Amino acid sequence: MRILFFLLFSAKCLLKRESMSRCHLNKLRKTELIFIKTKVNDSFIYFLAEPNIVFVYHIETPQYVTILDFMDGLYKCETFEINHEDDFGAFDHRESQPIEGRGYFINQDSMNEMVEEINKHIQKVRQVKDQENHLGAVHIVTSESAAGSLRFGLKKPNTVIGFSDSFSIGPLWKLDEKAGQSFRTEWLAENINYENDDYEYENKVSNTLREIEDIANHIPIYIWYGNNANEQTALRFYLYLFRDKTNEIFLVNTTELYERYNTSIEEPPIFYTSQMDSEILRTFYVSNKDNRPLADNKRRQFHREWEKLAQTKDVLRLWIDDKIQGVPESYYDPLILETLEKLHDQQGTKDFIKTGNVLGEIVDRMDVRIDIFFLEYRIRYLVYSGALGLKGIPKSMRHYSVKLR
């Protein structure tokens with residue numbers, strides 16, 4: 001489905017979504033913008049739309065943007081009219097007056113292309129500044145929550161990159177290439193209800209890969225991971241991305257460190273970096289700062305392991321016997337059916353149960369963590385295959401209920 005976003009440029013109307021209904025949009029000229037050229041002028045990026053409209057976006061920070069960030073920033077933007085496309089090269093918005101009282105439509109595909117152009121420019125600026133000014137180490141972790149804990153625990157000049165993907169699910173085929181990234185994005189979009197806006201997941205992954213690419217060769221890199229399929233897979237992916245870099249790389253296995261420093265036999269084992277607070281992570285870093293970097297032969301071993309993973313099309317992986325092992329995507333289906341049967345027994349009848357409640361019960365019964373959105377995907381599969389009855393619309397786990405047939 002083609003999605004259009006309407007932008008209104010007028011001094012008489014507050015440029016926010018909630019205020020647009022109060023403006024007389026039917027009296028305004030509304031045109032869909034199709035962008036054909038771009039250029040940069042200091043901290044502004046210009047987009048030329050046919051036939052002679054220039055859209056001016058102000059890049060205010062060196063942080064990469066997603067389509068949601070871009071949409072929020074659109075309401076600060078201005079449009080200008082030039083005489084002819086040939087005038088675009090010499091155009092400077094500071095010497096012209098913006099258009100007022102005119103509305104435009106931008107489709108989501110065009111928006112995403114604009115986001116990519118903005119991020120390409122930001123990357124050029126960042127790479128120059130990072131080469132000149134970066135003094136601390138870079139820390140990479142496969143979780144936004146763990147990244148937040150690391151940022152709080154380590155402080156500047158350390159830089160933390162949080163990769164918010166879930167590497168235990170979805171295809172890894174050629175993931176270190178654009179073709180594989182598109183293949184994975186398409187599979188996730190077709191099967192997993194992450195409830196993101198269109199392109200948001202893709203933007204976040206692309207931006208994180210840019211951050212990794214931006215790391216200068218003289219900066220030490222720390223990769224944080226636990227003994228689980230998600231972080232172990234990500235570890236091999238990151239190391240492969242660094243295969244042509246000369247940085248010293250240090251590995252921080254949080255599971256092993258937790259076992260070493262935790263002397264309480266009552267505490268349950270921890271397998272995920274995101275389960276640890278900022279103080280624990282800071283202690284791990286300070287206590288192991290003098291460790292040696294990863295040796296070249298070990299780096300090559302991890303590269304080979306990634307190359308094997310990148311040839312597979314498994315969509316579910318587990319950490320078994322200290323190895324990443326692909327398993328059938330139906331691996332957890334019996335557990336889903338058994339859990340529903342148990343919940344029906346507790347009901348005393350076979351009535352519909354909210355999918356979120358079913359997932360909560362499954363997670364409580366599992367010894368290891370699994371992406372809850374993958375489990376929801378398997379519940380939908382069992383509905384479509386006729387094993388489960390459905391009540392509601394399965395657009396998210398909150399919107400439907402299921403029961404055994």
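**Note on helix packing, aromatic pairs and backbone geometry**

1. Leu 335, Ile 336, Glu 338, Thr 339, Leu 340, Lys 342 and Leu 343 of α10 touch Val 358, Glu 361, Ile 362 and Arg 365 of α11, where contact means heavy atoms within 4.5 Å. By class, this contact of α10 with α11 comprises six nonpolar, one polar and four charged residues. For these classes, Ala, Val, Leu, Ile, Met, Phe, Trp, Tyr, Cys and Pro count as nonpolar, Asp, Glu, Lys and Arg as charged, and the others, Gly among them, as polar.

2. The model is predicted: local features need pLDDT of at least 70 and side-chain atom pairs count only at pLDDT 80 or more, while totals for chains, interfaces and linings use all residues. Residues are numbered from 1 along each chain as its sequence is written, and side-chain values use heavy atoms, with hydrogens and water left out.

3. Helix α10 covers residues 333–347 and helix α11 residues 355–365; they pack at an angle of about 110°, with axes 10 Å apart. Helices (H or I, at least four residues) and strands (E, at least two) are DSSP runs, numbered from the N terminus. Axes are lines fitted to C-alpha atoms, for helices over the stretch in contact, and angles run from 0 to 180 degrees between N-to-C directions.

4. α10 and α11 are therefore roughly perpendicular to each other. The cut-offs are under 35 degrees for roughly parallel, over 145 for roughly antiparallel, 65 to 115 for roughly perpendicular, and oblique for the rest. The crossing of α10 and α11 is right-handed; a crossing is right-handed if the near helix is turned clockwise from the far one by less than a right angle, and left-handed if anticlockwise.

5. α10 also packs against helix α12 (residues 372–384), at an angle of about 75° and with the axes 10 Å apart. α10 and α12 are therefore roughly perpendicular as well. The contact of α10 with α12 divides into six nonpolar, no polar and two charged residues. Asp 333, Ile 336 and Leu 337 are the α10 residues here, and they meet Leu 375, Arg 378, Ile 379, Tyr 381 and Leu 382 of α12.

6. Rings of Phe, Tyr and Trp (its six-membered ring) pair if their centres lie within 6.5 Å; planes under 30 degrees apart count as stacked, over 60 as edge-to-face and the rest as tilted. By this rule there are 22 aromatic pairs. One of them, Tyr 331 with Tyr 332, is edge-to-face, at 5.0 Å centre to centre and 85° between the planes. Tyr 331 is partly exposed at 42% relative accessibility, whereas Tyr 332 is buried at 6% (buried means under 20% relative accessible area, exposed over 50%, partly exposed in between, with a 1.4 Å probe and protein chains only). Phe 163, Phe 167, Phe 237, Tyr 238 and Trp 306 form one aromatic cluster.

7. Two cis peptide bonds deserve a check. Glu 50 and Pro 51 are joined by one, with omega about -5°; Pro 51 sits in the loop between β4 (44–49) and β5 (53–58). The bond from Lys 156 to Pro 157 is also cis, with omega near 10°, and Pro 157 lies in the loop between α3 (144–154) and β9 (159–162).

8. Lys 155, in the loop between α3 and β9, is not a glycine, yet has a positive phi of about 60°. Lys 155 is partly exposed, at 47% relative accessibility. Asp 321, also not a glycine, has a positive phi of about 50°. Asp 321 is in the loop between β12 (317–320) and β13 (323–326) and is exposed at 66% relative accessibility.
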